[in-house]
Structures are given as C-alpha cells and as structure tokens.
Amino acid sequence: MTLRIGVLGASRIAESAIVGPARDLGHRLVVVAARDPLRAQAFADKYGVERVAPTYQDVVTDPEVDVVYNPLANSLHAPWNLAAVEAGKPVLTEKPFARNRDEAARVAAAAEAAGVPVMEGFHYLFHPATQRALSLAGDGTLGELIRVEVRMGMPAPQPDDPRWSLDLAGGALMDLGCYGLHILRKFGEPAVVAGTAVQRSPGVDESFDVEVVYPSGLTGLSTNSMVEQEHSFTLRVIGDRGEAFVHNFIKPHEDDRLTLQTQDGTTVEHHGTRTSYSYQLEAFADLVLRGTPAPLDTADAVANMALIDDAYRAAGMQPR
C-alpha cells in the first residue's frame with residue numbers, strides 16, 4: 001500500500017529524510033507548505049511534490065494526506081504534531097520530539113487518547129550497523145559492559161540558522177545530544193551525573209558534554225559540538241572482552257563500517273549503504289498500514305526529553 005505524505009516546511013533535511021525514502025519505497029509526496037510560498041513551490045518543483053498548500057494547517061487537514069512529516073524548527077515540533085493528531089493524521093516527526101519533557105508528555109497523551117501514532121525520527125536505530133552494535137552489547141561478545149561513548153560533531157551552521165535560536169529551541173544538546181542520549185538509553189535508563197556546556201549566546205549551547213551512569217555501574221558519555229571542522233558521528237561500546245565501534249551511525253550510507261575488537265582479533269564489518277531513513281520510513285509505514293509495533297513510541301520520546309531536561313539542569317541551564 002502507498003502512503004500519501006504531507007510535508008510541513010521546505011527543510012534541508014527533507015531530501016534525505018523523506019524525499020529519497022518515499023521514492024525508494026513507492027510512497028507519494030502529495031502536498032507541502034512553507035512560510036514562504038515561493039520556497040514551497042521551489043521545493044515541490046525540485047522533488048516532485050504534487051501540490052503546494054497555503055499553510056501548515058491546510059496540510060494536516062488535507063483529506064488526501066494519510067500521514068504528516070514534520071521537520072520544522074524544534075519549537076514547532078510539538079504544536080504541529082498536536083495539530084496533526086487532532087486531525088487524525090499519524091506523524092513522523094523530526095527529533096527532538098518537543099522542547100521539554102512536559103510538552104512531550106502533552107503530545108503523548110493526545111496521541112494516546114486519539115489512537116494516532118506519532119513516531120520520533122531517530123532513524124539511526126533502524127540501520128543494521130546500529131542493530132549489530134546493540135546485539136554485540138547484549139549477547140556477551142563484548143563481555144560485561146564498561147562504557148558507552150557517543151561523540152558527535154559538525155561544522156557551525158550559519159549565524160541565522162534556527163539551531164542558534166533560543167526561541168526556536170536550538171543548541172547542540174537539542175540538535176545532536178538528543179541522539180547521543182537516545183543511544184545511551186538503549187543500554188538501560190541512565191542518570192545524568194554531569195553536564196558541561198559552552199554557550200554561544202545566553203541559553204544556547206554550541207557544545208555540550210553529558211556523563212551518565214547506570215544502575216549496573218556502566219558509564220556513558222555523550223559529547224556534542226556544533227563548532228567542529230568536519231562531521232563526525234561515532235558510537236563506541238566497550239566491554240571487558242572487547243569493543244564495537246560504529247564509524248558513522250548517523251550517515252551509515254556514507255560509511256557503513258562497524259569495527260569489532262575482541263581477544264580473537266579485529267574484524268571490520270560492512271552493513272550496507274541503504275539509508276537509515278529508508279529503514280525508518282519502512283518501519284513507520286508498517287506501523288501505520290499494518291499496526292506493526294515500532295521501537296520508537298511516545299513513551300520513549302517523553303523519557304528522552306526528560307533526560308535532555310536533566311542534562312540542561314546539570315549544566316546549570318534551564319530546559320527549553
């Protein structure tokens with residue numbers, strides 16, 4: 001079955017996150033809206049979206065839209081997810097799910113009451129490279145786990161980018177750290193023990209490091225910087241019998257390696273260059289069309305936002 005997808009905004013992430021995957025899987029992009037109608041039309045022309053709507057509200061209430069894709073600025077995720085839920089439309093929303101835990105909980109409650117799926121776009125989780133790392137951590141190959149490190153860095157966005165805006169809920173922890181904390185939660189529910197931020201402007205972090213600890217004694221680290229020379233997104237899982245290293249868990253289609261080191265030696269595995277976004281849209285479509293449970297539900301989203309809030313407080317900052 002084919003999904004008819006409505007797109008909110010003409011965002012730069014949409015080409016990778018929804019346009020390519022929809023083409024790959026045979027789904028339709030039926031309508032797009034943006035604050036600037038000319039930008040919406042240019043987006044539609046470039047990517048083959050069938051129509052342009054005047055407003056976001058027109059997209060979520062469009063009778064020809066089956067599901068909504070929401071890649072708007074962070075502060076607009078929750079309001080437009082709620083609007084889609086009220087219209088009865090399942091949502092694939094970019095991360096982070098909301099500005100904070102309380103806002104996430106409101107969306108989750110509305111989705112639960114309406115019986116409408118809302119899935120947060122942690123696409124990395126669906127790729128075989130990530131699944132392999134989690135399997136190695138759980139099957140004893142690495143022995144008793146000691147530490148998990150998620151290191152994320154990227155060049156600085158332009159000065160007027162929404163990721164530098166406090167009002168739009170920007171910052172390195174929101175943009176990058178939501179991934180790092182999410183991965184760390186795949187090994188249990190950790191507690192934040194330290195947060196260290198460098199602020200570009202009051203309340204907006206350009207870098208943010210978070211240390212966590214688990215009930216088992218396992219420790220974790222999430223480092224996040226939006227002022228690096230190049231992109232780097234790595235996951236390292238360390239046990240007392242070996243370690244697994246995913247070279248680019250955010251863009252495995254560019255580097256699909258997982259390096260496994262044990263007492264038996266070093267093995268470099270390749271897990272395929274099909275994008276994590278295609279795996280994600282496949283899972284979302286299965287959820288919507290067939291009711292197949294997905295590993296990302298609203299309870300997971302609320303828990304992740306709660307950990308983000310805790311990290312901000314640990315660094316002496318206020319949650320978004």
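## Starting with helix 1

Helix 1 is made of 12 residues and reaches 15 Å from its first C-alpha to its last, close to the 16 Å expected at 1.5 Å a residue. That expected span is 1.5 Å times one less than the number of residues. Helices here are DSSP runs of H or I with at least four residues, strands are runs of E with at least two, and both are numbered from the N terminus. This is a predicted model, in which local features need pLDDT of at least 70, side-chain atom pairs count only at pLDDT 80 or more, and totals for chains, interfaces and linings use all residues. Residues are numbered from 1 along each chain as its sequence is written, and side-chain values use heavy atoms, with hydrogens and water left out.

Which residues of helix 1 are buried? They are Ala14, Ala17, Ile18, Val19, Pro21 and Ala22. Buried means under 20% relative accessible area, exposed means over 50%, and partly exposed lies in between (1.4 Å probe, protein chains only). An α-helix has 3.6 residues a turn, so residues three or four places apart point the same way. The cover over the buried residues of helix 1 includes strand 1 (4-8), strand 2 (28-33), helix 2 (37-47) and helix 8. After helix 1 comes Gly26, with a positive phi near 85°.

## Two domains

The protein chain is divided into domain 1 (4-121) and domain 2 (128-273), with bounds that come from an automatic or database domain assignment. Their C-alpha centres lie 26 Å apart. Where the domains meet, nine residues of domain 1 are in contact with 11 residues of domain 2; contact means heavy atoms within 4.5 Å.

## The largest pocket

On a 1 Å grid over the protein atoms alone, a pocket is an open set of points with protein on both sides within 12 Å along at least five of seven lines, where a 1.4 Å probe fits; lining residues have an atom within 4 Å of a point. Grid points are joined across faces, edges and corners, and a volume is the space filled by probe spheres set on the points. The largest pocket has a volume of about 1200 Å³. Its lining has 42 residues, and Ser11, Arg12, Ile13, Pro71 and Arg163 lie nearest its centre. Helix 1 (14-25), helix 7 (172-184) and helix 8 (276-290) are the elements that give two or more residues to this lining.

By class, the lining of the largest pocket holds 20 nonpolar, 12 polar and 10 charged residues. Here Ala, Val, Leu, Ile, Met, Phe, Trp, Tyr, Cys and Pro count as nonpolar, Asp, Glu, Lys and Arg as charged, and the others, Gly among them, as polar. Domain 1 and domain 2 each supply at least three residues to the lining of the largest pocket.

## Buried or exposed?

Let's visit three residues. His182 is found in helix 7 and counts as buried because its relative accessibility is 0%. Apart from residues up to four places away in sequence, His182 touches Phe122, Tyr124, Leu125, Leu296, Asp300 and Asn304.

Lys46 sits in helix 2 and counts as exposed because its relative accessibility is 61%. Val193 has its place in strand 8 (residues 191-201), and at 53% relative accessibility Val193 counts as exposed too. Leaving aside neighbours within four places in sequence, Val193 is in contact with Glu211, Val212 and Val213.
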